[in-house]
Each structure stands twice: as C-alpha cells, then as structure tokens.
Amino acid sequence: MNKFTNSRSFDSHPIAMTKRRQWTAIPGLLALAIGAVMLSAYSGASSSQHGSPVQPIAFPHTVHVQKLGMNCLYCHNAANKSMDPGLPAVSTCIGCHNMIGPQRPASDLGPARTSAEIQKLYKFADVAGMGAGMGANAKPIPWVRIHKLPEYVHFPHTRHINAGVTCQTCHGQIQKMDRVYQYATLNMGWCVSCHVNGYSPKEGLEAAGYADQPTSATLAAAPGGSAAPVALATGERKKARYDCANCHY
Amino acid sequence: MAATATPLRDGERPNIASAAVRFPAVRDYDQVDREIGGTLGPSLGWFAALGIAILCMLVGASAWVYQIREGLGVAGFQPPVMWAVYITTFVFWVGIGHAGTLISAILYLFRAGFRTSIYRVSEAMTVFAVMTAGLFPILHLGRPWKFFYLIPYPNWRLIWPNPKSPLVWDVFAILTYLTISSTFLYVGLIPDIAILRDREKNPIRKAIYAQLALGWRNSDREWRHFTRAYLFLAAFATPLVLSVHSVVSFDFAMALTPGWHATIFPPYFVAGAIFSGIGMVFTIVIPLRKFFHLEHYITLNDLDAAAKLCLFTSTVVGLAYVTEFQIAWMSGNRFEIDYFWNRVFGQWAWAAWIMLICNCVLPLSLWSQKLRRNPTWLFMLSLTINLGMWFERFVIIVPSLAHEFEPWQWGTYRPTFIDYSILLGSFGWFFMWFLLFIRQLPVMAMSEIKEIIPPRMRFAHAGLEHDLTEGTVYPDDTGAPH
Amino acid sequence: MQGVLGAFNEIDAAVHAIEDLKKDRFGDITVFTPTPRHEFEHVMKHPPSKVRIVTLIFGLCGVTFGYWIPVWISDYWPIIVGGKAVAAWVPFTILGFEVMVLIGGLATVFAMFAMAHIPRLTTTVGYDARFSGGQFGVWVVTDPDRADQAMTVLKQHGAAEVRRER
Amino acid sequence: MTQDTTTSGVKRREFLKVLGASSAAIAAVGCSEPTGKLIPYLVSPDETVPGVSTYYATTCRECSAACGMIAETRDGRAIKLEGNPEHPLNHGALCARGQSALQGLYNPDRLRVPMVNEGGTWKPITWDDAVARLAQALGGARGKGGVFINQHESGSFPRFLDGWLAGYGFEPHLSVDFEADSAAIEANRRTYGVAWPALSFSDAKLIISFGADFLDGWGASVPQQLDFADARAKLDGAPRFVYVGPRRSLTGLNADEWIACKPGSELAIANAFAGKGSIQQAATESGVDAAQLQRIASEIGASKPVLALSGVGGADALEVALAVAAINQAGGAVGATIKPAQAITSFDGMTTTAELLGQVERMRAGQVGIAFVRGTDPAHYLPRAIKFAEAFAKVPVRVSFSSYPDETTELCNLVIPDLHALESWGDAAPIRGTISLQQPAMDPVYPTIKGGTADFLIAVAKKDAALASRYSVDSYRTWLIAAFPGGAPALATALPHGIANGSMGGAAAAAARPAAPATITVQPKGTGEGDFFLITYPSPLLGAGRGANKPWLQELPDPVTKICWSSWVEIHPETAERLGIDRGDFLDVKTSNGTIRAPAFPYLGVHKDAIAIPSGQGHRSQAKLAPFEPKHHDASQVQWGYGRYARDVGVNVFDVLPASTNAAGGFAWTVTKASISKTGDNRILPSTEGSARQHGRGIAQAMNASDLTNPPRPEEKEVLPGDASHEFLPGLRSPVAADAQGELGAPTAQDQGTHKGLYDPNDPRGMTRRRWAMTIDLARCTGCSACVTACYAENNIPTVGAYWQVASIWAESRPGLNIERGREMNWIRLERYFEGNLDGKFGVDFETRFVPMLCQHCGNAPCEPVCPVYATYHSPDGLNVQVYNRCVGTRYCSNNCPYKVRYFNWFGYGEADRKQYAFPEPLNWQLNPDVTVRGKGVMEKCSFCVQRIREAENRAALEHRDLVPNEFTTACAQACPSRAITWGDAADPNWTVAQLAHDRRAYHVFEELNTYTAVVYLKKVNHPAAGAPAPRA
C-alpha cells in the first residue's frame, strides 16, 4: 500500500526485510596500517650491522692479534692521536712480510705451507720475493670499508683510546674474527647509551681478551694505561659528554 | 483499532529541532532521500570540474617534486623572508577549515537552525582544508623527507622533538584537528551512508557503502549512543577549533619578529579563521545549491544567518587590525612602529590595503539585509574575502620578515612560478577531494534533515499542527522541489 | 533469533504499537528509525548513554598523557633552548590539551561503537532497508508461540507490513 | 644507517682515499663506490698523521707585498692559509686575497697541461715536447729581441730570470705590478732614497691621506692595516685621520674627516698644506670650503709627527707625491712615522707601466721576436686604446706561463702552465735584510705539470749547448739552496719559520732595459668629453683583475659598496637624483675611448662631479665560448676568459680608459671625463646591503675619543631603540651576559630549572665551566672583510653567486642572482652603516661604521626554542649549536633571529652531483675535513669554529692537560689584519677575551631583547676635529 515513491536515482525495489550481511574487519586494517608504520619507523636502525664484505686480501686478525699478540696500534698507528685510526701503509705490511714470505717454512708445530694471501700482498706491493723491497709498480690495497659513520659524525678515536676504551668495545672481538664484520649497530642510540650510562673498563677489558682475572700487569698493558685499574677498582662506569656538538659540527 | 485522539505524550513538546519551519518545500522523508540522494553519481560537468582540479593538483605536485629535487631555492624565498607563500597558504587553509568545525560543532551546541543544511559541506570542507593545510608544513621544509623528526615516537636515535617549539604544537594540533574533524565528519556520515547502502543497486558501490556504514541499522540503541557521542565530539571540537588556530597563531606570536610578537594573535587569528572559513563556505555552497538545485534546503534564511556571522567576524578582525596599530603606536618601540608604518606605507602597502579593503570594508555591505539575501553578491563577496584573508596572512608573514630588527638584512620577496604552482596545486588538491566527495557522499545530513521535517502521522494532532506552521516564511524562499 | 517485524509509515502508529506491545509484556523490542526521534526514546525508556563516562575517563587520561610526553621528553635528554627551564610547564599545556581532545574524542567514538555494537561483525536479523528511508520499524523478539499476538498488535496499529523472522 | 644527504657531496672521509699522496689522487677522489674503499698509503710519510694537520710556512704571492703564510695541510692537501705569526711583515694576519690563493691553487679552470696553438686550435702537448718546442723557438728568436713580462715579485727569481734571458741575449724582464703606485715609489726614492719606507701609523698624531688607499691595496696593505688598527685603538693619543680625495675608498671610510675635493685638485691642496700654495687657491680649485682646509692646515702644523700619504690616480701623481713628501718633511714625519731605515723592499726592481707600454710599441713595430708572459694579464688590464692584442700578435712566438686561461694566454701560441706558489719553491724579500721563504705545501694538484716556470726554463736551457753548463742544477730548488746564505742546513733551520735573515745574493738586476720609445703621450688631467670625471681604481679584492677567477673573492662583497659578482658605477645620490637615476639603473658610460654599461650605485662617498668604476671584472674570451654549464662541462675544454667564475662577469673599465701615465711612469687611473646616459634597464644590484642606515637601532655604536679619558657619564649609554625606560635585569651590560645555565656556569648560580645533565655546574664532565665568547673592537675594524674569507675557507661555506647556481627550469641566470635574492652564505658578514648626511647632500660629511655580524651565540637564543627538532640549542659550554643532520629546514630559527645570521642551503651547494655545486673538482680538495659539508635544505650558521674547540680539547686530553688561555682561536679572529676580533673563554679571566669584555666601550647588540649574547662589541672611537661636529647616529 505505501510503496516507496520513485526517485531519480533510486528505483524502489523489493527488498527482503531481512538481509544477512557480513561486516569485515575495518579495525584489522587499521591495526595493519599502524603496524606497518611502526615497522618502518624502526627499520633502518642499523642496516649495516653484521656486514662482512670480502676483502681483497683475507687478512686474518686472528693470527696477527690472537696468535702473534700484535698491538692494534702497530698497524692502526694513528688511533691514539687522531680522529682517524689510520690504516697500515703497504710498506708496513711488507716490513714484516719480506721476511715472512708466501712460502712459509715449518714453524712452531705447523707444517710448511703456501699462503695465497701473502702472494696477493706481494702482487700489490710489487715485491719480487723474500727480502726484496717494494717495487715501482706497487699499488695500495683497496680495502673494503666496514665501519662507516655518516659524514656528519666526527668520531675522535684518540679520545676513546686515551680514555681507556678498548677497541673491542666498539669493534667486537676483532682478535677472534677470521673475517671482520661490523659488530655494533653504530647507530646514535648505541653511541649515546654508552656516553650516558658510562663505559665499564672491566667489560671492555674482558672483551679485549683480558677476561680472566685482570692483573695489574695486564691492566697496565691495556690501552688507557694507569687509569684503567682505578676505574676498575672503584667499579665506576666512565661517563662521557653527550652534548650534540661533541660529534655533530 | 482504538483511534483515540489522545496526544502522544502528555505535557511533552513534540520533537522538532527548530520551532521554525526550516524547509517549507520539503514534505517528507522520501523527498529528502530522493533529492539529496539525487545529487550523487557522476555527471559530465562534474568530470570536467574534477579534471580541472586534478590538473591543477598535478601542476602543484610536479612543482613540488621539482622543488624536492632541486632544493627550496626554486621557490622565491629571499632571505630574510624565509617563510612566504607556503606558510601563508598553510594558515589560509587552516583558517578555512575552522569555519566548518564552527558550523558543525559550535553551532550544533548552540542549536543554531541554519546549521543543518550547510554543516556537512562545511565539515567536509574542514577535513579537506586541513588535509591541504597539512601538506604545507611538510612542503615548505628544506628536507621534507625528514618530516618524521617532528613526530614523537620511540626511535633508535634516542632523541625526541622539542615540545617547546610552536611547530611541534602545530604537529599535535593539526594532527588532532585532522583526526577529530575527520572522525566527526565520518561519524555524522554513518547513518547517511546506511541510507545510501540501502538504496544503492550497483553491487560494487553497494558493497563499498556497506563497508563504510559499519553495519548501521538505525536502531534505537544505535541512535541513543550516537546522539550522545556526537554531542561530546562537538563539545571537544569546539575548544579544539579555538585552540588549533591559537596554536597556529603561536607560530607567529611566540616569535620575536616585529609584527608577529603580539598577544592579540590567538583571538585575532581565530576570528580571522572563522571569517575566512565562512567566506569559503559561501564560495562553495552558493554554486552547490544552484547546481544541485538545493535552494529549498540551503535557504536564503540560512545564507542570511551565515552572512551575519561573517559580518560579525569581519568587524572582530577589523578591530584586531586597529589594535595592532594602536599597540605599536603606544608601545614606543621603534621596531614595532617602523614595522607597522612600513606595513601600510612601505613596499608591501598594496597587500595591506587589499587586506583592509577586502576584510574590513567590503563586508560592511552585509549590514544590508538585501545584500545578505543576495546569493550572487554573497558569492562575489566571498571571493574577495578569500583573497583578503590570504593577503592578511601574507601581510603578516612577508613584510614582517622583510623588515625586521637588523636593517642591514632588510629584504624583499619575489615569488616564482613554483610558488604559484604550489598555491594553485593546493586549490586543485582541495577541490579534487571536495568534488570527489560531493558526488559520492551526501552533501547534506539526510538523517538530520529528517529530524527537522515533521514525520508522517497517522493521526494529526492539534499541537503538532501548530508547531508545523509556526515561523516566518519568506515568500521568495520556497524553491520548489524538482 | 526469532521475532516479528512491523514496518510503519507513521511515527505515531509505531509509538502506539510499541506501547501496546510493552503492555503485552513483549520485552525485547528494537525500533528502527531513519532519524532519532524523542518519541521512541520516551516510549522505550532507555537509561542515558554511558558514553559520557568513557569520554570523561579518557579525556583525563589524555590530558595526563599529553603533559607527560613533553615532560618526559625534556627530562630524558635535557637540552636547553632559549634559556628556558628544561621542563617548562606552561607550553606543555598546549600538548596536554591537544592530546586530551585526541584521546577523549577517539575514545568517545570507540565507546559509541562498542555500546552501539558497531561495526557489527555478526549477521543481522530484523532490519530492513526501508528503515533508513521513510519507514519506522518495530522488531519484537519473541517465541514462535507468541508471534501471532505481536503481529496482531502491530497490524492493529496500522503497520504497513508485518512479517515473522526466523 | 640511512644515507643522509646533508653531507653528500664531498665525503669527509674520502680524504683517506688520497692518502696515496701524489699518485692517482685525482682518480681516487672522484669515484664513490657504494661500498666505499679504504686506500692506504704505500709508504707512510714520516711527519704526518692521518687526520691531523701539518703546517708549512711559506710566502704569499698574491700581491707584491709577500706576506708570510702558514699553509695547513691535511692528508697531503692544503686546506687553509693563515698568516705566519713569526713573519716580520704581516705578524700572522692575512688579507682576503692572500687567503684566496687556495682557490687559485685548486681553481677548476687551471690549465693542466702545456698546450700549443696550431692554426687556431689548442693542442695539449707533453712537458718534454714543450721544452723542445721552446728551445727550438728560442734558437730562432735569438737576436730578434725578446720580452719577458712577469708579475712583479721580490726575491731571487727575478735575478734568475734575468740571467736566463741574458743567456739568450734578451733584455732583462719586465717586472710589472699594474696596481702598484709608481708615483709614490718614485717620490719615495727621490725623497727618502728607498722605494717604500716603513710607515708607522701608531707614532703619528695626524694621518692625512691624499687618495692613498693604504687599507685597500696601496702599498703593503696588511702591515699597514695592522699598524693603523693599533694606532686607532690607542686610548690616549690616537691619531686623527683625514682623507683627501674625490672618492671615499675603504680607507677613506675609515677616516674621521673627508675632504671631498674635485678630482685632480689634490695637488693644489697638498701644495697649500705644504705651504707652497695658498689655501684660497686650493679651495677654489678643489671646491672645498677654505675654512676646512685652513683648519686642517693648522692641525697639520700643530700635530707632529704627521703621516701624509699620497696615492692619487691622476696624471700629476708624482707631483702630488712630492708635495706630500714636503708635508711629511715639514711635519717631522721622517724617522718618526716614515722610516726609510726599515724599508719594505717588496717593490724594489718594479717596472713602470710606461716601460711596459714602450715594449708594447716595440712589439707593434715588429722588433720583438719572442714574448713571454707570466702571472700577469696585460691583455686584460692595458687600456683597450693601446690595442695590445694587435701589437702582441706581431710577435711571432708568444709564450705564456700562466696557470689560468686568461686573456693574454689566449693570445699566445705556447702555454706552459706554471705551478702554483703553494706547489713550488721560491723566496721573497719583503723587508730589507730578510728572506721570506716559499716552499711547496703539497704535491702539484696536476702531476702533468712537472715543475714551475723556473724548472722549465732550466730544462730549456739544458737543451742549448752553450747554456747547459750554466744550468747544471736539476731544479730551481737546487738553485735556491745554492743561493741561500748558509746553504741547505741553514735553509732547513729556516724553513719551519718561513723567514730568514740575509739576502739571496745581489740585488735585483738593475733596469738595463732600453728606454721606452717616446710614443706615449701623457695626457693632462681631465681630458675627454663629458660631465663627469671618471674615477677608476683597482678593486681591493679583485685588483686589476687577478682575483676574478676565485669565487671567494667574487662572492666577497666589495667593502665599500657591498656589491659582488658585478661591476658598478658609483654616483653621488645628489647627482643621481638630479639625473633621475635610481639604484641599479644601467648606465652607458661613454668616454672618448669607448662605452661600457654597468648599473648605478648611488654612493655618498663620491664627488658629485665624478663617477667611479672599479677594475677587476669584465674578463672576456676571444673564443666566444658558450656560457658555462656544469652538467655538460667537458674538463678538457679550456674555459678561456679567465675561467668560469670570471668570464663575462661585469665590464672591464680599461675599455674606456686612455693610455696615459704619470711622470713616474705609473698608470694614470683618473684622467678622463665621461658622460653617462640611462639605458632604461634596471636590475637589483647583487649587493648584501639591505639598508645602509641603522635607523637608530644601535647596532654599530660609537663614542668620541674625548669621552674615553673622562669618567663615564650616564648619557654615554646609547639610546636604545626599544622601550627607552626599560629597566635592564642585573647581569645585562655585563661583559658577557649570563648564560642559560647561570652566571657563566658558576656552581653557585641559581637553578632556573636548567641545572640538568651536562648543564649542571657540578657535573663531573665540566662542560659548563666554559663560556666561549668573542669581543669585536669596532675601533680596530676597518671593514676589510678578511674575516669573511677566512670563515669561508675554514667552514666549507659555499659560494652561491655563479650564474649557473640557480634553478634548472625557467630560471633567470646571471652572476650574483642568488646574492640579489639575499641568499649569500657569509656566516660572518661586514655591515657597513652610514651615519649622518641623511639627505644625501654633497658637501656634508658622514661617518661609516663597520660591524662584523655573526651568530651572537645568545645565552637566551630566540632561534632555539622554535626549532621543532632540537637542531639548534644552547650547549653547556655556551655555544649556540646548529646540528645539520638534525635540521629539517623549517627556517623558523632564521625568522626568529634578530641578528639574521642564519643561512639556508636553498640548493645542494654541497652536493657534488648538482649543478649548483659550489666546489667543483678540485676546489673540493680545499674543504675542511673537520667540518660537515651541508646538503640542501638545512640551515647553517657560525659555529664559533666548534671544530677548533674540539680539536684543541682533543689535543689537550691527549697531552693530559687543560686548555691553555688563548691557545687557539676562531678562523676570523686568526685572520683579522686589524686584530679587532678576540675570542676565547669568557668564564676564565686568563683569556684575553674575558679581560676585553670588561672594556667600558663594551655593549651587546639588541641588548634590549634580552638575548644575553656572547659577542661583545667595543664601540667605535671617533676623533672629531676640534670645532667640527662629529656626525652622530
């Protein structure tokens, strides 16, 4: 009797008085969107962490540091006096390796063997053979960079080394790495956490391989010298400035 | 069947929102559905308009892409004028947004009758204006891709935005405003979308409407919570409107710059925002009621009432202008005096005079009832108001920066085609959304209009009849239904 | 759910039908109305909406949170700008207010959704598309044995259409 | 980590890549693999530590004066030049031109290989080929006359060169310094017996300069400026300074009184002052009020000793100079303010322009078989009337030793690019009895250049059997060591100091050149037609054109007009108004020799009957090259016309000058009349000047000298522009206003809610202990702008004025466009405010105040709270820090900065792949690795050289000590040749800055804004004449 009047866009039509509808989960979509935003916000916190590129020469830190006990500063000789840690010049490598050649004699307990890596070094350095100096066609070794802070971060290695921060604190246990990888996230929160909460000399020394009962002798040998035992004794964490302009300028 | 002639309830006033007959030419619910529903769906003219809007938007978008690529230098910034057309346009659009919330929320609380027919358009205008305005703070950044630095979220840098900065207040205020006003718009739309859902035959459109209607059934339970929530939303939106433009004004008032550093700014900006917003409402609504043949919904009474509001805010803004000069004069502060002298007689005097004439002089015509009820005049006036209010922000921003403390660094500003393109693009962006809106969703709150028009009665009651015929009806105000 | 649905063209008819149904002790009645009418509210005699309590609670939570964010941020990494105190209360009021509105407003809407049971994730019985247009609907949940009685009441009051749902 | 474009462009750490010093340096720096490579040294150099600077003492060769320089090198590259504090001439100061030598070294348009012009096209050849070709040409040219035109320099190279020329039977070379004042030199010779006696400004009671622009480049400007500033800063008995001349140069603007005489009337005034003419006649001739002249004349009589200097540009320069010498002799100057015994020998052995012109006539006559040009560009600066190119073309073999594609080089047919002074060995003799040593600070930028000119000449001589025996040395270095008194061991001792006593053998060869043919007519003053005298003068920055290819100097606003990247015509505002000429109207300036077109600059300091145009711009290429476009730039294409930064910028004023010389043989700059006409074109001048007036805002404050000796009076306080009755908080007007963390971070300071974290005075990290601050003594500042260039060099500030550094699409493009738009990036800028003569009437004197304006490092910085992301904040040690990588570019901080010292990267000036890139290879080698290169969209500003603070702190920590007072300073303070800037820790009374801040002249700019600035200005001191009212603000 009372039908809907006709309109231009909607014709009246018989509709069953009951219609079953399914309502989809709009809230679900919303949650999905929020999740995506949060995910993207946190991604990129450290994209380069654990990066471990193949180097032109598979330099074994394990052998040089762990086995031979070389000091980091022997090769990275500017680390305690410059912003930059310094890379060993090719002549530094050759300084030892013109005595330690690719054909390594039987030594210690190991057999005589050939090192392909030292061959490569000789090729770069244009060394004719054992005992010879660098040749005229020597080329620098194009090491692949692993630890890279953005250009706007000024990181003074000297301040950290002289404050007794061990290399391993940031670079991980290099002495155990066959191939070096980026140990820390190197993101800003990581830097700042240490600056605010403080550096523990004890943990640093443990990472550096002085884990078992640091003695005064090992402590004195550790970077940072005499400052370390004091901090260690008091158990104090050394806090640093976290003012923005300390790193960003 | 006990056909007794008893009243519905004893001693209760029948439920009619306004005592006046708002829509003499609207007879029943079906007519509402038919006529307002009839505005939906594309048409050739609409496609043309949408095409133009999208084109303008694309011009602005390409300009923006180019600007991001090359750097902000492609725009006309000339230090010390570090903010110019972009921030001007930002404040302009935020201001536009305010009238919508004023109409939909504040007038709702005040039960102003003329609100019903224009509030949906205004609220949509608010959302799209804020969406447009919201682009500009990002757009004017030197490094827009770092915009997220302004948002407080836990991050691996362990640093946070500066909560003392007015720009962070802006972020909070604009995001809140966008969220609340779009929620407000959407909540109000739900019953109307349900109507569309129930009437739509095209299965795809029907499915979309069905999703958007969230299963609304018009049940008494729904309406009960709905009306209450709607009231509280309106109650929240009211101070929000005042706060948002106060916060925007803090961008200037918190600064030291002569011409900016003034305590009068928050009320001045709020009044200006409402003024400009009503101007934009006229700009939108007057053509809309013509093209959609909705003269009997958006009646001349409505326009008249809105025009009075417009006149009122115009005088408030005018008072603020005068006060600024007076304060500068009486401060004895040379920086202030120099600046305000420069404002009206200096390099940018023309802009200041455009502002004064459009915002303070021309709206005085609204003292005349005849002009208030003349849609053509209102439309033309609204265009000058838009222009004048844009220039108000321009006058506040550019000449102030160009004439600051340090005379050695006094400067000027010349916009480039990039500034113009992005300004054009903002209009394209706004109207693109607006045009998409008006053909997909009802431009008037159908369920609210139904609330006002008398429901069909089986038995006519004396009291009811009386109410239905009360109120003044202007003879030229009846626009027949089509 | 089983029940009887009546569609009315006239509001007073629907109201009277409800009154009579209530007299007949039909407890579970739902009204579908294209627009909120006080007539139905009065006849249904529902208590006021609880939305306002949610609004109050979340508004207060919002203002607290809105103050807390900037205070915490400022104190977390103290940085002095413009010689101002690290935790400056006055400007933080703005953030407190905005967050109050944001959280309070959203909470209100979600409360409304929750209380009005939307979005409805279940199937709906007893609704008709006409009820968003021009007709009023009265849906009575009833046992099959009393359905006829309800239908009679509805018809008696001039329902345009009455049907049983199951 | 996400990549950040802030620092794209030159990667700071890419410097590591070129550790392999000389070899493959160019190849390595350009490439940037996504992974990044670390390239080690082959052999580690002994004295360098990567990442730590090495410093070399050397000598500046940018002008004849030969100041001592320290070149800072990092990882094998020179990155900064500073004055050598041990050097007796400049005592550690260095002017803008000297500092810009780096951009000569790294100029992207430097010629990289020897080239030969065959049939109009240039062909690169090898060094050895070049040697062979020249040797062959010399064989043919023997006996046909050879002319070697060399940029004048002192030291042993002239002797070496003359010896080489003699070997081929050529005359001694021409040692040309076009900007030098031959008249003054000649007058000095005649009067005092030396070319340039030492001038002592601080011993003078009155300084009177007749057009002698001793702060602009006349004479040895750096030592003169040092001494002048010392003189003016004396609280008691500071000399008054009167400037006589038709145009107020930078020197003139520093004068207390300007006698604006007509051009060419200086002689009458000088004679009158010397008692050889009447005051009345001088007044008539000069148009100056006789009473004023009389007052000065009696002042001269009363103030002994005086110091009178002459440097006029007219044809009567020698006569004026001799008359001025008479004033000096009468005024007791000799021995007191003019010290012939401590002669400056930089100008000894210089040839005059007349001699040069004589040689040009010989060329025209076909009497020259071979011509050499080195370091000088006669085709640019010789007036076009001479038709140098025409004459030069008649020389069959034309050899250039220029490093740059300048106009003369383009006319040559063989080019052997010289090494830059920073790459080669040499010496100079700036002061009698001293040797200033020049040593390479780095390996050559282009290894294709195997040696300097001297090395090349040795190689050529070895090809000649007759000469080979005389040139047994392998290089010029060996020759120098042999000539050095004491030989190699003494040299090794002297090199770290850059200076030695003694002499490198005999004096420069006597001028045994044939007398110039008498073909040059010396024009009487004021010839030609026109209403205006055309005053021309060497630009204090670009000289006669030499500086134009260095973007730092192009971008550095002229100290007087503040215009850069352009030429201009100075015209008095009264005249301009009369003729309806507005600022920026293009004028055609017409003389009998031609017409040039340049925009007008109404300038109070020029005579109303004169117009003034500087030299230096207007470099052109014969080849009509297309405008430089970085995107399509082919590195092998030579940018003739003196390189991309100089070509087609402005106009060459020498185009309209007649070829006239004064009686001393010097070039007469101001001799012709000109007429001007408006062309109807107008442009906004590329000037950094907003308003030249302070509008009473107390930015540059001044006081009278007489007030200094009186106790302070309340009215000494300047009227502040804000609320006059404003009561200042205690702490303001203090030396350095209180800091955010309290009164200079004292632990007793009240906590205003600011004692948190590092800001806590009791924090063990102790950052609050320091409050870095600066004082700027306006009594010393002369406005020379050396600090600006120092800042550009230290802080990697991009230059933005080149015409391609604009948008890509539909963009206007002209030199200085970004400057027109106020987009210059000078972290420190020199504001030049005029005081008095508001109406711009001629004849009313005015005062000039120079204010170096930089970030004030406010304690309550308005910029800080508005930044939404904490990109700028107040650091616990008192810096207003800008964190580039945090900046999102809202620019709100700049809006809120009352001092307007924040600069925005509108384009990617620091991004190598952009056309707006400011450091095209190899200019980027200069970039300071300690300072981030900013990408587009970030704000930047003065950082108080925070990198130097951190470096000093790191060094102190390494040495387990605290910072030593005055241990280091900022780049601007270091460079300032007036010693006007002092910087340091204001919280520690042992730093000089803490003491200076207590000076009674101290004030803060915009103190009423309660910004609590860390920069303290000391008021300028005026010396008004007794009876003459001093202009006041």
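I began with a network of salt bridges that joins D:R683, D:E812, D:R814, D:E820 and D:R821. I took a salt bridge to be a side-chain nitrogen of Lys or Arg within 4 Å of a carboxyl oxygen of Asp or Glu. The model is predicted, and local features need pLDDT of at least 70, side-chain atom pairs count only at pLDDT 80 or more, while totals for chains, interfaces and linings use all residues. Residues are numbered from 1 along each chain as its sequence is written, chains are lettered from A in the order in which they are written, and side-chain values use heavy atoms, with hydrogens and water left out.

**Salt bridges**

I searched the whole structure and got 82 salt bridges over all chains. I then looked up individual pairs in chain D.

I looked at D:D129 and D:R133, which form a salt bridge with their closest N and O atoms 3.4 Å apart. Both lie in helix α4 (residues 127-141) of chain D, and because they are four residues apart there, about one helical turn separates them. Helices (H or I, at least four residues) and strands (E, at least two) are DSSP runs, numbered from the N terminus. D:D129 is partly exposed at 28% relative accessibility, and D:R133 is partly exposed at 25%. For these classes, buried means under 20% relative accessible area, exposed over 50%, and partly exposed in between (1.4 Å probe, protein chains only).

I next checked D:D230 and D:R780, a salt bridge with 2.8 Å between the closest N and O atoms. This pair links distant parts of the chain, 550 residues apart: D:D230 is in helix α7 (residues 221-233) of chain D, and D:R780 is in the loop between β29 (772-777) and α24 (786-794) of chain D. D:D230 is partly exposed at 35%, whereas D:R780 is buried at 17%.

I also noted the salt bridge of D:R240 with D:E299, at 2.5 Å from N to O. D:R240 belongs to strand β11 (residues 240-244) of chain D and D:E299 to helix α11 (residues 290-302) of chain D, 59 residues apart. D:R240 is buried at 7% relative accessibility, and D:E299 is buried at 16%.

**Interface of chains B and D**

I counted 60 residues from chain B and 73 residues from chain D in the contact, where contact means heavy atoms within 4.5 Å. The two chains bury about 5,500 Å² between them, 54% of it on carbon and sulfur atoms. Buried area is the accessible area (1.4 Å probe) that two parts lose on being put together, summed over both.

How many salt bridges cross the interface of chain B and chain D? I found three. I looked up the salt bridge between D:R829 and B:E406, at 3.2 Å from N to O. On the side of chain B that touches chain D, α2 (44-70), α5 (166-199), α7 (220-253) and α10 (334-345) of chain B each supply at least two residues. Of these, α2(B) gives the most, with four residues.

**Confidence in chain A**

I read an average pLDDT of 76 for chain A, with 71% of the residues scoring at least 70; pLDDT is the predictor's confidence in each residue, from 0 to 100. Over residues 1-24 of chain A the pLDDT stays under 50, and the model has 71 contacts beyond four places in sequence for them. Residues 224-228 of chain A are also below 50, with four contacts beyond near neighbours in sequence.
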